[in-house]
Amino acid sequence: MPSNSKLPSSRSARDGRRNALVWCGVIICTLLTLAVIIAGIVIFVGYLVMHPRVPYVSVINAQLDRIQIDHFNGFLEIQVTIIIRARNGNRLAHATFLHSNYTLSFEGEDIAQLVAPAFEVSKNSSVDFNYEVQSSPIPLGPEQADQVEAGFNKDLITFGLKGGARVRWKVGRLGPLEFSCHLDCRLHFHASNLSYVPSSCTSKAK
């Protein structure tokens, strides 16, 4: 009768190899988990050290230089100056603003496009743009003319400003970041002296 004495030893060898593979898998998973944890700690510490801030745009001042209504022909002419500031509060990174484009409107009618070429803002700095708008005669319907007159009576002339820019900046080893900042504001002026009524007009990131 043939002997079966070798069977237990071969089964033990297979079990030993299986256990070695299991332990190798456990070690590899442990190392990968540790690597992910360490990478997360490095990113978190880097964030705390650099404390990145989102660049933004805001209206810091404005002036209604002229507003004149032609009642006979039903036209309105305006001249307005708007100062928009691009702010980069990061201490360690420059920021690039791209595709800056804003639409100025009055009583629902677009009257001007405010645009700027790509520009860079140094770290912890800002750049101001003075937009001077002198519109062509704006035709007014009866309702719009009534609203303009109501604004004069209330000593309050209101414009809409909508638009934004793309912003790109690099946060250390975290890599480059890019997002859109959007403005959607109403700019108010006194009709009596054409002065700007200060209000919050700051972009929101998207």
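User: Which strands each supply at least two residues of the lining of the largest pocket?

Analyst: The model is a predicted one. Its largest pocket holds about 200 Å³ of space, and 14 residues line that pocket, with Ser105, Gly108, Phe159, Gly160 and Arg186 lying nearest its centre. The strands that each supply at least two residues of this lining are strand 3 (95–106), strand 8 (157–170) and strand 9 (176–189).

User: In the hairpin of strand 1 and strand 2, which residue takes a positive phi?

Analyst: Strand 1 (residues 56–70) pairs with strand 2 (residues 75–88) in the antiparallel sense over 13 bridges, and within this pairing Val59 stands opposite Ile84. Four residues lie between the two strands of the hairpin, and the one with a positive phi, near 75 degrees, is Gly74.

User: Over how many bridges do strand 2 and strand 6 pair?

Analyst: Strand 2 also pairs with strand 7 (residues 138–139) in the antiparallel sense, over two bridges, where Phe75 has Pro139 as its bridge partner. With strand 6, Asn88 stands opposite Ser125. The pairing of strand 2 with strand 6 (residues 125–134) is antiparallel, and its number of bridges is 10.

Technical notes: Residues are numbered from 1 along each chain as its sequence is written. This is a predicted model: local features need pLDDT of at least 70, side-chain atom pairs count only at pLDDT 80 or more; totals for chains, interfaces and linings use all residues. Side-chain values use heavy atoms; hydrogens and water are left out. Two strands pair if DSSP finds at least two bridges between them. On a 1 Å grid over the protein atoms alone, a cavity is a set of points where a 1.4 Å probe fits but cannot get out, and a pocket is an open set with protein on both sides within 12 Å along at least five of seven lines; lining residues have an atom within 4 Å of a point. Grid points are joined across faces, edges and corners, and a volume is the space filled by probe spheres set on the points.
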